[in-house]
Amino acid sequence: MAELESLETAAEHERILREIESTDTACIGPTLRSVYDGEEHGRFMEKLEARIRNHDREIEKMCNFHYQGFVDSITELLKVRGEAQKLKNQVTDTNRKLQSEGKEVTMEELKQCRLQQRNISATVDNLTLCLPVLEMYSKLREQMKSKRHYPALKTLEHLEHVYLPRVSHYRFCKIMVDNIPKLREEIKDVSMSDLKDFLESIRKHSDKIGETAMKQVGSCSHDTDDSMTGAQDLVDFSPVYRCLHIYSVLGARETFENYYRKQRRKQARLVLQPPSNMHETLDGYRKYFNQIVGFFVVEDHILHTTQGLVNRAYIDELWEMALSKTIAALRTHSSYCSDPNLALDLKNLIVLFADTLQGYGFPVNQLFDMLLEIRDQYSEILLKKWSGVFRNILDSDNYSPIPVANEELYMKIVGQFPFQDTELEKQPFPKKFPFSEFVPKVYNQIKEFIYACLKFSEDLHLSSTEIDDMIRKSTNLLLTRMLSNCLQNVIKRRNTGLTELVQIIINTTHLEKSCKFLEEFITNITNVHPDTVHTSKLYGTTTFKDARHAAEEEIYTNLNQKIDQFLQLADYDWMAVEPGSKASDYLVDLIAFLRSTFAVFTHLPGKVAQTACMSACKHLSTSLTQLLLEAEVRQLTLGALQQFNLDVEECEQFARSGPVPGFQGDTLQLAFIDLRQLLDLFIQWDWSTYLADYGQPTCKYLRVNPTTALTLLEKMKDTSRKNNVFAQFRKNERDKQKLIDAVAKQLRSLINSHHL
């Protein structure tokens with residue numbers, strides 16, 4: 001039991017020792033009290049002594065280990081003590097001197113110095129506040145001087161709202177504040193001046209901007225976006241942006257927008273006013289288009305790079321105005337154009353103009369509609385030009401078959417004109433084509449006209465059918481109006497002879513046959529088959545037929561005129577007692593002329609030659625009859641009538657000789673049947689037969705009209721009375737006269753009964 005208590009006491013003492021070692025000195029009292037409260041403090045003191053001796057040994061060990069460092073520290077400390085003593089002496093000396101010097105300074109001076117010191121400090125503080133304001137103001141002036149207006153405006157705002165409020169109680173600040181509105185107005189005015197300079201600059205450079213845009217679209221080496229970039233690179237748009245920003249910051253954006261739009265509208269009207277001589281050269285049109293394109297390139301760029309300065313409605317309104325004025329100007333000026341090459345170049349320029357603006361999103365359908373109107377004008381210009389071409393071809397033609405001396409020349413003509421004739425091919429050289437030079441020339445000029453029409457249709461966004469229809473209609477106008485008129489003029493010309501007329505008929509026959517090749521030519525270049533619905537047909541066949549018919553009629557008329565000219569040479573002795581031994585010289589010459597003329601008709605279609613021959617014979621017969629019955633011939637004798645009969649027999653002999661092949665039997669002689677029966681009646685004096693059989697279908701003198709017979713009989717009755725024609729029958733003269741009177745009476749009776 002005693003041993004157990006001893007262990008507990010030892011443990012408690014150990015705990016107290018640890019607590020003493022670890023507890024702060026101020027709090028050790030309660031711990032010691034617990035020692036003295038017990039009865040074993042003697043033993044505790046022993047333990048405490050043992051613990052102290054233990055710590056002393058540890059301290060000694062540590063001191064032995066750090067002894068050299070301790071010695072060094074003591075040495076350093078001694079040195080510091082010496083230096084400290086020196087410092088103390090210096091401070092004492094300085095204090096002494098200061099005290100000595102301070103005796104001369106009064107308290108008032110010290111106060112004054114203190115006040116100055118405070119003032120300087122306050123000044124420095126205030127200058128520290130003011131200097132940034134002055135620096136900002138200086139910066140503002142520098143920005144305005146260098147025309148950096150937008151940064152100047154930002155600096156002005158910063159100065160007004162940040163810096164000036166800090167020094168608002170200073171007088172210079174008040175001046176600055178009062179000056180701020182003036183500075184704003186100055187910035188506003190200067191930026192507006194820059195805008196005006198910009199507007200003037202783009203007005204002058206619109207031509208170059210438009211030219212660049214159109215060139216790049218026309219070159220096809222760049223797409224539309226590239227052309228936009230290229231065009232806008234020519235202009236510095238920064239004045240617009242700056243001015244817009246400045247006015248926006250100043251709250252006057254609407255004023256700026258209105259001003260900009262108003263000025264650009266004025267410029268648009270100036271640009272859209274064409275020069276009065278624009279139609280004279282292509283450059284006039286090109287400059288006009290360049291300015292318009294340049295104007296709208298700028299506006300389109302402004303539309304896409306500014307927010308609301310211009311809007312789509314404003315652009316559309318301007319474009320509508322521009323479109324209407326441009327189209328009106330083109331209508332007026334293109335109407336003066338008479339050169340097809342200029343019209344074609346103008347069309348290409350308008351297409352480029354339209355394509356360029358279409359690339360910027362402007363609707364250009366009306367321009368292409370306008371091009372269709374110009375196409376009609378172009379067609380009229382072409383028609384006038386080709387009318388002159390045809391006229392020159394027809395005037396310079398020799399109206400003789402084309403001679404060819406070798407194969408090369410033959411193939412050259414065949415290459416120019418679709419002609420094939422196996423009989424001609426077999427003939428040896430030299431040989432002749434049936435037609436004259438105007439046939440291949442006219443044919444090739446028609447093809448050239450078709451090519452010219454096709455050129456205008458390119459790039460008009462037309463379908464093949466529309467192009468085909470346009471070409472066919474224009475070609476039809478060329479054939480029916482121009483070529484037809486030229487042919488008619490040549491045919492009706494006074495100096496056009498029978499040989500030329502015959503050649504014209506041959507030529508138009510071959511041109512008529514070539515029309516199907518022209519149809520094929522158009523089909524090949526337009527790829528539209530002629531059987532397609534709504535496809536116009538060429539009227540070439542009709543044109544050449546009409547020309548041929550006109551030439552035929554002219555041949556008939558010309559022949560008749562020649563016959564009349566020969567008949568004017570007739571010099572009959574109507575009072576001749578006896579006839580001559582042969583036909584009259586004028587008639588022999590006339591028959592020779594007719595023979596030579598009809599020999600030329602060998603290449604004509606048979607019907608034409610036959611009709612011409614029949615027409616000539618009928619006209620000759622009618623003219624001879626009129627010559628016999630004309631009022632100027634008041635009297636005639638039987639001898640004169642017999643001479644006249646010799647001439648008619650010569651005509652009949654010509655008819656029987658078959659001057660033109662193809663007549664059946666004595667068809668051609670029938671042209672003289674009326675005259676033959678009339679002469680037979682008088683020469684044979686067969687009045688009894690005539691009067692007895694008159695009116696019957698089988699009458700020998702069926703073609704003799706009683707009026708004609710009476711007229712001629714009256715001329716002979718007067719002759720018999722005055723010139724005693726029947727002198728050899730003197731004793732029967734009175735009876736003969738009675739017979740003539742009786743016949744005349746009966747003829748009058750027939751005439752009267754016929755009229756009734």
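Residues are numbered from 1 along each chain as its sequence is written, and side-chain values use heavy atoms, with hydrogens and water left out. Because the model is predicted, local features need pLDDT of at least 70 and side-chain atom pairs count only at pLDDT 80 or more, whereas totals for chains, interfaces and linings use all residues.

Helices are DSSP runs of H or I with at least four residues, numbered from the N terminus. Helix α24, residues 638-656, has 19 residues and reaches 26 Å from its first C-alpha to its last, close to the 27 Å expected at 1.5 Å a residue, where the expected span is 1.5 Å times one less than the number of residues. Among the buried residues of α24 are Leu641, Phe644, Val648 and Glu652; buried means under 20% relative accessible area, exposed over 50%, and partly exposed in between, with a 1.4 Å probe and protein chains only. Just after α24, Gly658 takes a positive phi of about 65°.

Leaving aside neighbours within four places in sequence, Leu559 is in contact, meaning heavy atoms within 4.5 Å, with residues including Leu594, Phe598 and Ala612. Leu394 lies in α14, residues 365-396, and is buried, with a relative accessible area of 1%.

A search of the whole structure finds 24 salt bridges, each being a side-chain nitrogen of Lys or Arg within 4 Å of a carboxyl oxygen of Asp or Glu. Asp283 forms a salt bridge with Arg286, the closest N and O atoms being 2.6 Å apart; Asp283 is exposed at 52% relative accessibility, while Arg286 is partly exposed at 31%. In the salt bridge between Arg472 and Asp468, with 2.7 Å from N to O, Arg472 is buried at 0% and Asp468 is buried at 1%. Glu652 pairs with Arg676 at 2.9 Å, and because Glu652 lies in α24 and Arg676 in α25, residues 673-684, this pair ties together parts that are 24 residues apart in sequence.

Notes:
Helix = DSSP H or I, 4+ residues; strand = E, 2+ residues; numbered from the N terminus.
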